[in-house]
Amino acid sequence: MPELEFVRRAQSFGTRVAVTAEGHDHSYDSLLSVSEGIAAGLLDGSTDLDEERVAFLFAASFEYAAVQWGIWRAGGIAVPLSLFAADPELEHVITDAQVDRIIAPEDLLEKLRPLCDRLSKPLLSFSQISSQESVPLPELEDGRRAMILYTSGTTSKPKGVVSTHANIQAQITALVEAWGWRSEDSIPLFLPLHHVHGIVNVQSCALWSGAKVDCLGSFDAEAVLERVADKQYSVFMGVPTIYVKLIRSLEAADEKDRARYRDGFAHMRLMVSGSAALPASVHEQWTHLTGQKLLERYGMTEIGMAISNPLQGERRPGAVGMALPGVTVRLTSEAGDVIEGENEPGEIQVRGPAVFSEYWNKPDVTQASFVGGWFRTGDMAVLEDGYYRIMGRLSVDIIKSGGYKLSALEIEATLLTHPAIRECAVVGVPDDTWGESVAVAVVAHDGERIELPALKEWATERMSAYKIPKTLLLLDDLPKNAMGKVTKPAIQDLFD
Ligand code: MLC
Ligand code: AMP
C-alpha cells in the first residue's frame, strides 16, 4: 500500500530522537505510534477521513508533530491555527476551511471553547483523540490534499493555500538536497507553526532527514543564545527580525558570554535567513559577530522555497541566489514578456511540483494567480551576475513585518468597524527591527477623537499583535487622486 514517505522514512530512524520539548526526548518510533493512535482516534470507525479538514492549535511540541502526522495518516487535511490569532481571525480560518473538528492541548481548551461552542464545532483534547486501538489506515496517493495554510494577500481576508502531499514532499526534498540535511543535524524551533518557514523548512525537513527538532516555544533571545553556547545545534533558521534581535543581545552581552555565544554559532554548519529581506548590513554584522555567513533564501506559502544562495560557494549579501532543485523561475515584464537576460527587473514567476494546488474554495482567484501554468508571486526581482535580487512587491497593500505577511486591506477593513473611524489607509513603513511596521492614517467622524493607545487596545481583541498599528496619523482627509482613490504612496510619504 502507498505509505506516506514521511512514515516510511521514520520507520528507518527508529529510536533516534525526533523531537525534544520541555526536557523530554521523543523518538521516531514514538512519533509513529502516537500519530497512529491519533489517526485511529480521528477515524473513529471510518476507513478514511477523505480530506476532512481538522484544525489544531498547539505550540511547537511533540504533540504538534504527532497530531499533524495523525491527521495525514488518517487521510485528512491539516489546518494549523495560529497561537497569536484573535478570535475573529480563528473564526475566519475555521469557517472558511469548513473545519469539522478542532484539536488542542488541555491548557488551550478554555481559550477555544467559547468560539467552538458558538460555531458548533467539536473541540477535542489531545488525550481524547488518542486511541490505543490499532486500525488499518487508508492508502494515500501523493496527490491527496494535505494542508491548508492561511496567507494574506490583496484581498481583505486571508486565503487558504492548499498543498498536496506531493507538493510538500517536493518542497522538502528541494531543501534537503540543496542544504545537505542529514540525520546528525539538530535545529532549534522557535518560529510559529502555522506558516511554511516553521512547518516545512524547520520541522518537516528535519523529520524527513532523521534529524532532531528542539522545540523552544516562542522566541526568547537569551534562551536561544544559551542553547547555542551549549553547542546543541548544527542548523539554525530564522527571519531577519530574529537576527536583528540576536545582534542586540550579542552586543549587550559581556565579553565572556559573547565569546561563548560566538563559539556556539561558529560550531554550526548552516544558518539561514528568509521570509523577508535581510538587509546587507545585518548580513555583514552577523558575520562580524559570529563568524557565520548567513544563507539567504526566498520563498512563499504557495510555492515553498524557490530561490536560495548556495550551501557551497558565494553567499551574496542582499541577494537570494538561484532557483532550487526542481523549481523553475522566470522574470516577466509588466507587458507579460519573459525577460531573458540579466539586469532587467521583472515579476518572479514559478513552476514545478512544489507549487500549491489551489486556494481553498476560490477557483477564480486560483486561476487569476497563474499565467500559462506559472504562479505569479507578485514579487519583483532582477538577475545580476547569476543571482536573483528581490526588489520589492508589486502591491503596496502587502506588508511584511517580523516575517509575517500582512494585508493592508484586511487591517483597514477591521479598523473601519471602529465607531470613531470614518476613513483609513494602512501602509507599511520601514522599521529597523521588524523590516516594516504597520502605520495608519485615519479620518475621524465629526466630533470624535482617536488616540493610539486606545486604538491599540481596541485592535488587540480583533487582530494579531503584528497587525496592530504602531503609528497613527490623524488627518482631515486622505490624499486621493483625480478618480477619488486613496493614493498610498502619498500616505507613505506622510510618515517619512
Ligand atoms: C510584535 N510586536 C510588533 C510586531 N510583532 N511590533 C511591531 N511590528 C511587529 N511585527 C510587538 C508586540 O506587540 C510586543 O509589544 C513586542 O513587539 C514583543 O512581541 P512578541 O510577539 O513577544 O515578539 P517576539 O516574540 O520577539 O517576536 C518576534 C518574532 C516573531 C520575529 C520572533 O515576529 C516571529 O516569530 N516571526 C516569524 C514569522 C514567520 O514565521 N514568518 C514566516 C511566514 S512563511 P509590547 O508592547 O507588548 O511589548 C513565509 C515564506 C518564507 O514568509 O519565505 O518563509
Ligand atoms: P508568505 O506569503 O507569508 O509566505 O510570504 C512570502 C513573501 O515573503 C514573498 O512573497 C516575499 O515578498 C517575502 N519574502 C520571502 N523571502 C524573502 C527574502 N529573502 N527577501 C525578500 N522577501 C522575501
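# Close-up views of a predicted model

**View 1. Q11 is a partly exposed residue of helix 1.** Q11 has a relative accessibility of 44%, so Q11 counts as partly exposed. Here buried means under 20% relative accessible area, exposed means over 50%, and partly exposed is in between (1.4 Å probe, protein chains only). Q11 lies in helix 1 (residues 5-13). Helices (H or I, at least four residues) and strands (E, at least two) are DSSP runs, numbered from the N terminus. Not counting residues up to four places away in sequence, Q11 touches E3 and L32, where contact means heavy atoms within 4.5 Å. From C-alpha to C-alpha, Q11 and A354 are 25 Å apart in space, and 343 residues apart in sequence.

A word on how to read these views: this is a predicted model, in which local features need pLDDT of at least 70 and side-chain atom pairs count only at pLDDT 80 or more, while totals for chains, interfaces and linings use all residues. Residues are numbered from 1 along each chain as its sequence is written, chains are lettered from A and ligands numbered from 1 in the order in which they are written, and side-chain values use heavy atoms, with hydrogens and water left out.

**View 2. Helix 5 has buried residues along one face.** Which residues of helix 5 (residues 109-119) are buried? They are L109, L112, L115, C116 and L119. Seen down the axis of helix 5, these buried residues fall within an arc of 140 degrees, so they line one face of the helix; the arc is that of the directions from the helix axis to the C-beta atoms. They pack against helix 4 (87-96), strand 5 (101-104) and strand 6 (123-125). On the other side of helix 5, look for the exposed residues E110, P114, D117 and R118. Just after helix 5 comes S120, with a positive phi of about 55 degrees.

**View 3. Strand 12 is covered on both faces.** In strand 12 (residues 270-273), L270 and V272 on one side are buried, and so are M271 and S273 on the other. Strand 11 (residues 235-238) pairs with strand 12 in the parallel sense over four bridges; two strands pair if DSSP finds at least two bridges between them. Within this pairing, V235 has L270 as its bridge partner. Strand 12 also pairs in the parallel sense with strand 13 (residues 295-300), over two bridges, and S273 stands opposite E296 in strand 13.

View 4. Two packed helices are described by the angle between their axes and the distance between the axes. The axes of helix 10 (residues 240-252) and helix 12 (residues 280-290) come within 11 Å and cross at roughly 40 degrees, which makes helix 10 oblique to helix 12. Axes are lines fitted to C-alpha atoms, for helices over the stretch in contact, and angles run from 0 to 180 degrees between N-to-C directions. Angles under 35 degrees count as roughly parallel, over 145 as roughly antiparallel, 65 to 115 as roughly perpendicular and the rest as oblique. Residues making the contact include Y243 and L250 of helix 10 and V282 and W286 of helix 12. For helix 11 (residues 255-266) and helix 12, the axes come within 9 Å and cross at roughly 110 degrees. Helix 11 and helix 12 are therefore roughly perpendicular to each other. Here R262, F265 and A266 of helix 11 meet W286, H288, L289 and T290 of helix 12.

View 5. Strand 25 (residues 435-444) runs parallel to strand 26, and four bridges join them; V440 stands opposite L472 in strand 26.

View 6. L455, W458 and A459 of helix 15 (residues 452-460) are buried. They cover an arc of only 95 degrees around the axis, which puts them on the same side of helix 15. The buried residues of helix 15 pack against helix 14, strand 24, strand 25 and strand 26. On the other side of helix 15, P453 and E457 are exposed.
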